[in-house]
Amino acid sequence: MTKKTGTPPAVSFTGAVKTYGTVRAVDGVDLEIGTGETVALLGRNGAGKSTTISLLLGLNEPDTGTVELFGTSPERAVRAGRVGAMLQEARAVPRVTVRELVSFVAGRYPDPLAVNRALQLAGITELAGRRVDRLSGGQTQRVRFAVALAGNPSLLVLDEPTAALDVEARHAFWDSMRAYARSGRTVLFSTHYLEEADAYADRIVVIDRGRIVADGTSEDLRRSAGGNLVSIDLAGRATDGLDLLPGVRSVEVRGDRALLRTDDSDATVIALAGLGAIRGLEVAPASLDDAFLALTAREKETV
(Lines give C-alpha, C1' and ligand atoms only; values in the text may rest on other atoms or scores of the structure.)
Protein backbone atom coordinates (compact mmCIF):
# COMPACT_ATOMS: atom_id res chain seq x y z
CA MET A 1 0.00 0.00 0.00
CA THR A 2 1.85 3.07 -1.25
CA LYS A 3 0.71 6.56 -2.11
CA LYS A 4 0.83 7.18 -5.86
CA THR A 5 3.17 10.15 -5.94
CA GLY A 6 5.28 9.30 -9.00
CA THR A 7 8.37 9.19 -6.78
CA PRO A 8 10.06 6.22 -5.11
CA PRO A 9 8.44 5.13 -1.84
CA ALA A 10 10.02 6.31 1.37
CA VAL A 11 10.56 2.67 2.40
CA SER A 12 10.73 -0.43 0.23
CA PHE A 13 11.40 -4.01 1.38
CA THR A 14 11.46 -6.67 -1.33
CA GLY A 15 11.74 -10.29 -0.21
CA ALA A 16 13.97 -9.27 2.72
CA VAL A 17 15.32 -12.16 4.81
CA LYS A 18 17.58 -11.98 7.85
CA THR A 19 18.60 -15.06 9.81
CA TYR A 20 20.49 -15.58 13.04
CA GLY A 21 21.54 -19.21 13.17
CA THR A 22 18.37 -21.21 12.68
CA VAL A 23 16.08 -18.28 13.45
CA ARG A 24 14.59 -16.35 10.54
CA ALA A 25 14.11 -13.01 12.31
CA VAL A 26 12.85 -11.45 9.07
CA ASP A 27 11.29 -13.96 6.72
CA GLY A 28 10.61 -12.67 3.21
CA VAL A 29 9.21 -9.25 4.05
CA ASP A 30 7.65 -7.20 1.24
CA LEU A 31 6.66 -3.72 2.39
CA GLU A 32 6.27 -0.28 0.88
CA ILE A 33 5.60 2.94 2.78
CA GLY A 34 4.71 6.01 0.76
CA THR A 35 6.00 9.50 1.40
CA GLY A 36 3.91 11.25 4.02
CA GLU A 37 2.44 8.12 5.62
CA THR A 38 2.47 7.48 9.36
CA VAL A 39 2.77 3.73 9.89
CA ALA A 40 2.74 1.69 13.10
CA LEU A 41 4.71 -1.55 13.28
CA LEU A 42 3.18 -4.00 15.75
CA GLY A 43 4.36 -7.37 16.95
CA ARG A 44 5.02 -9.43 20.05
CA ASN A 45 8.47 -9.51 21.63
CA GLY A 46 10.70 -11.50 19.30
CA ALA A 47 8.33 -11.10 16.34
CA GLY A 48 10.96 -9.39 14.19
CA LYS A 49 10.20 -5.69 14.70
CA SER A 50 13.66 -4.68 15.91
CA THR A 51 15.42 -6.64 13.16
CA THR A 52 13.14 -5.06 10.55
CA ILE A 53 14.04 -1.61 11.88
CA SER A 54 17.76 -2.44 11.91
CA LEU A 55 17.55 -3.47 8.24
CA LEU A 56 15.66 -0.29 7.42
CA LEU A 57 18.35 1.86 9.05
CA GLY A 58 21.22 -0.02 7.45
CA LEU A 59 22.47 -1.29 10.81
CA ASN A 60 22.21 -4.80 9.32
CA GLU A 61 21.98 -6.05 5.76
CA PRO A 62 19.47 -8.64 4.55
CA ASP A 63 20.82 -12.10 3.71
CA THR A 64 18.62 -12.02 0.63
CA GLY A 65 16.23 -9.47 -0.82
CA THR A 66 16.60 -5.70 -0.79
CA VAL A 67 15.82 -2.70 1.40
CA GLU A 68 15.70 0.82 -0.05
CA LEU A 69 14.85 4.25 1.31
CA PHE A 70 13.76 6.90 -1.20
CA GLY A 71 15.06 4.72 -4.01
CA THR A 72 18.57 4.31 -2.61
CA SER A 73 20.36 2.23 0.02
CA PRO A 74 19.65 2.87 3.71
CA GLU A 75 23.31 3.81 4.22
CA ARG A 76 23.18 6.53 1.57
CA ALA A 77 19.82 7.84 2.78
CA VAL A 78 21.10 8.08 6.35
CA ARG A 79 24.33 9.82 5.28
CA ALA A 80 22.28 12.31 3.24
CA GLY A 81 20.37 13.28 6.38
CA ARG A 82 17.05 11.94 5.10
CA VAL A 83 16.52 9.60 8.07
CA GLY A 84 16.24 10.27 11.79
CA ALA A 85 15.93 7.48 14.34
CA MET A 86 14.96 7.15 17.97
CA LEU A 87 16.05 3.73 19.19
CA GLN A 88 15.43 1.98 22.49
CA GLU A 89 19.06 1.22 23.25
CA ALA A 90 21.04 4.43 23.60
CA ARG A 91 23.29 5.60 26.42
CA ALA A 92 23.34 9.12 27.76
CA VAL A 93 26.41 11.14 26.74
CA PRO A 94 28.25 12.28 29.89
CA ARG A 95 29.09 15.88 30.78
CA VAL A 96 27.23 17.60 27.94
CA THR A 97 24.06 19.63 28.11
CA VAL A 98 20.93 18.90 26.17
CA ARG A 99 21.47 21.91 23.89
CA GLU A 100 25.10 20.94 23.26
CA LEU A 101 24.10 17.41 22.28
CA VAL A 102 21.28 18.45 19.95
CA SER A 103 23.46 21.19 18.41
CA PHE A 104 26.30 18.72 17.80
CA VAL A 105 24.00 16.24 16.07
CA ALA A 106 22.31 18.97 14.01
CA GLY A 107 25.73 20.13 12.84
CA ARG A 108 26.40 16.77 11.21
CA TYR A 109 23.54 17.19 8.70
CA PRO A 110 23.32 19.24 5.50
CA ASP A 111 19.95 20.87 6.26
CA PRO A 112 19.28 20.56 9.99
CA LEU A 113 16.23 21.61 11.92
CA ALA A 114 16.78 24.72 14.03
CA VAL A 115 17.96 23.56 17.45
CA ASN A 116 15.33 25.61 19.28
CA ARG A 117 12.63 24.06 17.09
CA ALA A 118 13.88 20.52 17.81
CA LEU A 119 13.88 21.27 21.55
CA GLN A 120 10.39 22.76 21.30
CA LEU A 121 8.94 19.83 19.38
CA ALA A 122 10.42 17.39 21.90
CA GLY A 123 9.04 19.45 24.79
CA ILE A 124 12.44 19.95 26.43
CA THR A 125 13.14 23.66 25.96
CA GLU A 126 13.35 24.07 29.74
CA LEU A 127 15.93 21.27 29.92
CA ALA A 128 18.32 22.83 27.38
CA GLY A 129 20.95 23.73 29.99
CA ARG A 130 20.74 20.46 31.95
CA ARG A 131 23.32 17.70 31.65
CA VAL A 132 22.02 14.76 29.67
CA ASP A 133 23.42 12.18 32.10
CA ARG A 134 21.47 13.72 34.99
CA LEU A 135 18.00 13.48 33.49
CA SER A 136 15.20 11.10 34.40
CA GLY A 137 14.28 8.21 32.12
CA GLY A 138 11.32 10.08 30.66
CA GLN A 139 13.36 13.23 30.10
CA THR A 140 16.12 11.23 28.42
CA GLN A 141 13.54 9.68 26.11
CA ARG A 142 12.43 13.14 24.99
CA VAL A 143 16.05 14.14 24.39
CA ARG A 144 16.35 11.12 22.06
CA PHE A 145 13.36 12.45 20.17
CA ALA A 146 15.01 15.86 19.78
CA VAL A 147 18.18 14.15 18.51
CA ALA A 148 16.11 12.18 15.97
CA LEU A 149 14.57 15.45 14.75
CA ALA A 150 17.86 17.38 14.64
CA GLY A 151 18.71 16.52 11.05
CA ASN A 152 15.27 17.57 9.79
CA PRO A 153 14.72 14.08 8.34
CA SER A 154 12.21 13.13 5.65
CA LEU A 155 11.77 9.72 7.36
CA LEU A 156 11.47 9.48 11.13
CA VAL A 157 11.87 6.01 12.67
CA LEU A 158 10.72 5.63 16.28
CA ASP A 159 11.31 2.38 18.19
CA GLU A 160 9.02 2.25 21.25
CA PRO A 161 9.15 6.06 21.53
CA THR A 162 6.89 6.48 24.57
CA ALA A 163 8.59 3.89 26.81
CA ALA A 164 9.32 5.48 30.21
CA LEU A 165 6.93 8.37 29.56
CA ASP A 166 3.98 9.10 31.83
CA VAL A 167 0.50 9.60 30.38
CA GLU A 168 0.79 13.39 30.06
CA ALA A 169 4.21 13.16 28.41
CA ARG A 170 2.93 10.50 26.01
CA HIS A 171 0.12 12.76 24.82
CA ALA A 172 2.55 15.66 24.42
CA PHE A 173 4.90 13.44 22.44
CA TRP A 174 2.22 12.36 19.97
CA ASP A 175 1.06 15.94 19.52
CA SER A 176 4.65 16.82 18.56
CA MET A 177 4.98 13.83 16.26
CA ARG A 178 1.78 14.71 14.43
CA ALA A 179 2.91 18.33 14.05
CA TYR A 180 6.11 17.08 12.41
CA ALA A 181 4.29 14.57 10.19
CA ARG A 182 1.86 17.24 8.96
CA SER A 183 4.71 18.87 7.03
CA GLY A 184 4.80 15.83 4.71
CA ARG A 185 7.30 13.69 6.60
CA THR A 186 7.08 9.92 6.74
CA VAL A 187 6.91 8.32 10.19
CA LEU A 188 7.38 4.67 11.10
CA PHE A 189 6.96 3.77 14.76
CA SER A 190 6.84 0.55 16.74
CA THR A 191 4.87 0.37 19.96
CA HIS A 192 3.43 -2.02 22.52
CA TYR A 193 0.63 0.47 23.24
CA LEU A 194 -2.00 -0.62 20.72
CA GLU A 195 -4.14 2.41 21.47
CA GLU A 196 -1.28 4.57 20.14
CA ALA A 197 -1.28 2.71 16.85
CA ASP A 198 -5.06 3.03 16.70
CA ALA A 199 -5.02 6.76 17.37
CA TYR A 200 -1.95 8.01 15.50
CA ALA A 201 -1.18 5.72 12.56
CA ASP A 202 -2.65 6.02 9.07
CA ARG A 203 -1.80 2.38 8.60
CA ILE A 204 -0.81 -0.57 10.80
CA VAL A 205 1.57 -3.38 9.86
CA VAL A 206 1.55 -6.48 12.08
CA ILE A 207 4.63 -8.69 12.00
CA ASP A 208 4.85 -12.14 13.57
CA ARG A 209 7.59 -14.76 13.28
CA GLY A 210 9.39 -12.46 10.90
CA ARG A 211 6.49 -12.22 8.45
CA ILE A 212 3.86 -9.57 7.80
CA VAL A 213 0.52 -11.04 8.82
CA ALA A 214 -1.64 -7.92 8.40
CA ASP A 215 -1.32 -4.54 6.71
CA GLY A 216 -4.04 -1.92 6.61
CA THR A 217 -5.98 0.64 8.59
CA SER A 218 -7.12 -0.04 12.12
CA GLU A 219 -10.59 -0.74 10.75
CA ASP A 220 -9.15 -3.13 8.16
CA LEU A 221 -7.43 -5.13 10.90
CA ARG A 222 -10.57 -5.31 13.01
CA ARG A 223 -12.55 -6.51 10.01
CA SER A 224 -9.96 -9.11 9.02
CA ALA A 225 -10.05 -10.61 12.51
CA GLY A 226 -13.85 -10.62 12.76
CA GLY A 227 -15.50 -7.24 13.02
CA ASN A 228 -17.63 -7.73 16.16
CA LEU A 229 -17.70 -9.72 19.37
CA VAL A 230 -20.89 -11.34 20.64
CA SER A 231 -20.77 -12.80 24.14
CA ILE A 232 -23.30 -14.80 26.14
CA ASP A 233 -23.55 -16.56 29.49
CA LEU A 234 -23.27 -20.30 28.91
CA ALA A 235 -25.28 -21.11 32.04
CA GLY A 236 -23.80 -24.59 31.99
CA ARG A 237 -24.62 -25.36 28.36
CA ALA A 238 -22.03 -26.78 25.94
CA THR A 239 -20.48 -24.71 23.16
CA ASP A 240 -21.06 -27.38 20.51
CA GLY A 241 -22.38 -25.83 17.32
CA LEU A 242 -21.71 -22.21 18.23
CA ASP A 243 -18.85 -22.08 15.73
CA LEU A 244 -21.31 -23.06 12.98
CA LEU A 245 -23.67 -20.12 13.55
CA PRO A 246 -23.97 -17.51 10.77
CA GLY A 247 -21.05 -15.07 10.68
CA VAL A 248 -19.04 -16.77 13.42
CA ARG A 249 -15.31 -17.08 12.83
CA SER A 250 -14.19 -18.38 16.21
CA VAL A 251 -15.46 -19.22 19.68
CA GLU A 252 -13.57 -18.64 22.91
CA VAL A 253 -14.70 -19.60 26.40
CA ARG A 254 -13.84 -17.29 29.28
CA GLY A 255 -15.13 -18.67 32.54
CA ASP A 256 -18.86 -19.24 32.06
CA ARG A 257 -19.10 -16.93 29.03
CA ALA A 258 -18.69 -17.69 25.36
CA LEU A 259 -17.08 -15.05 23.17
CA LEU A 260 -18.01 -15.33 19.49
CA ARG A 261 -15.96 -13.42 16.94
CA THR A 262 -18.27 -12.69 14.02
CA ASP A 263 -18.43 -10.96 10.64
CA ASP A 264 -22.21 -10.48 10.94
CA SER A 265 -23.30 -9.83 14.51
CA ASP A 266 -26.96 -9.36 13.54
CA ALA A 267 -27.16 -12.82 11.96
CA THR A 268 -25.27 -14.34 14.88
CA VAL A 269 -27.61 -12.80 17.46
CA ILE A 270 -30.71 -13.92 15.55
CA ALA A 271 -29.34 -17.48 15.44
CA LEU A 272 -28.55 -17.39 19.17
CA ALA A 273 -32.09 -16.18 19.89
CA GLY A 274 -33.42 -19.13 17.91
CA LEU A 275 -31.43 -21.39 20.23
CA GLY A 276 -32.68 -19.57 23.31
CA ALA A 277 -29.07 -18.69 24.10
CA ILE A 278 -29.14 -14.96 24.72
CA ARG A 279 -28.64 -14.86 28.48
CA GLY A 280 -26.28 -11.99 29.33
CA LEU A 281 -26.04 -11.08 25.64
CA GLU A 282 -23.48 -8.39 24.79
CA VAL A 283 -22.43 -7.12 21.36
CA ALA A 284 -19.37 -4.91 20.91
CA PRO A 285 -17.01 -3.98 18.08
CA ALA A 286 -13.71 -5.81 18.14
CA SER A 287 -10.90 -3.71 19.60
CA LEU A 288 -7.48 -3.46 18.02
CA ASP A 289 -6.22 -5.58 20.92
CA ASP A 290 -8.72 -8.30 19.95
CA ALA A 291 -7.67 -8.09 16.31
CA PHE A 292 -3.96 -8.23 17.18
CA LEU A 293 -4.40 -11.29 19.39
CA ALA A 294 -6.53 -13.03 16.76
CA LEU A 295 -4.06 -12.30 13.96
CA THR A 296 -0.98 -13.49 15.85
CA ALA A 297 -2.79 -16.54 17.23
CA ARG A 298 -3.87 -17.41 13.68
CA GLU A 299 -0.26 -17.15 12.53
CA LYS A 300 0.89 -19.54 15.26
CA GLU A 301 -1.71 -22.09 14.16
CA THR A 302 -0.41 -22.06 10.58
CA VAL A 303 3.27 -22.55 11.47
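Two strands count as paired here if DSSP finds at least two bridges between them. The model shown is predicted.

**View 1. An open sheet of six strands.** The strands follow the order S5-S6-S7-S3-S8-S9. Their pairing is mixed. Strand S5 (83-86) and strand S9 (211-216) stand at the edges. Each has a single partner strand, so one side of each is left without a neighbour in the sheet. Neighbouring strands are turned against each other by 15 degrees on average, direction ignored.

**View 2. The pairing of S3 with S7.** Strands of a sheet pair through backbone hydrogen bonds, either parallel or antiparallel. Strand S3 (residues 38-42) and strand S7 (residues 186-190) run parallel. Four bridges join S3 to S7. Valine 39 stands opposite leucine 188 in S7.

**View 3. Helices H1 and H5 on the sheet.** Helix H1 (residues 49-56) packs on the sheet and touches S3, strand S6 (155-159), S7 and strand S8 (203-208). The direction of H1 makes about 150 degrees with that of S6. Helix H5 (residues 137-149) also packs on the sheet, where S5 and S6 are touched by H5. The direction of H5 makes about 170 degrees with that of S5.

View 4. Serine 218 lies in helix H8 (residues 218-224). Its relative accessible area is 11%. Buried means under 20%, so serine 218 is buried. Leaving aside residues up to four places away in sequence, serine 218 touches Asp198, Ile204 and Leu288. With aspartate 198 there is a polar contact, side chain to side chain, at 2.6 Å.

Notes:
Residues numbered from 1 in each chain as written. Predicted model: local features only at pLDDT ≥ 70, side-chain atom pairs only at ≥ 80, totals over all residues. Heavy atoms only, no water. Helix = DSSP H or I, 4+ residues; strand = E, 2+ residues; numbered from the N terminus. Axes fitted to C-alpha atoms, helices over the stretch in contact; angles between N-to-C directions. Contact = heavy atoms within 4.5 Å. Buried < 20%, exposed > 50% of the residue type's maximum accessible area, 1.4 Å probe, protein only. Polar contact = N/O pair within 3.5 Å; in protein donor to acceptor, adjacent residues only side chain to side chain.
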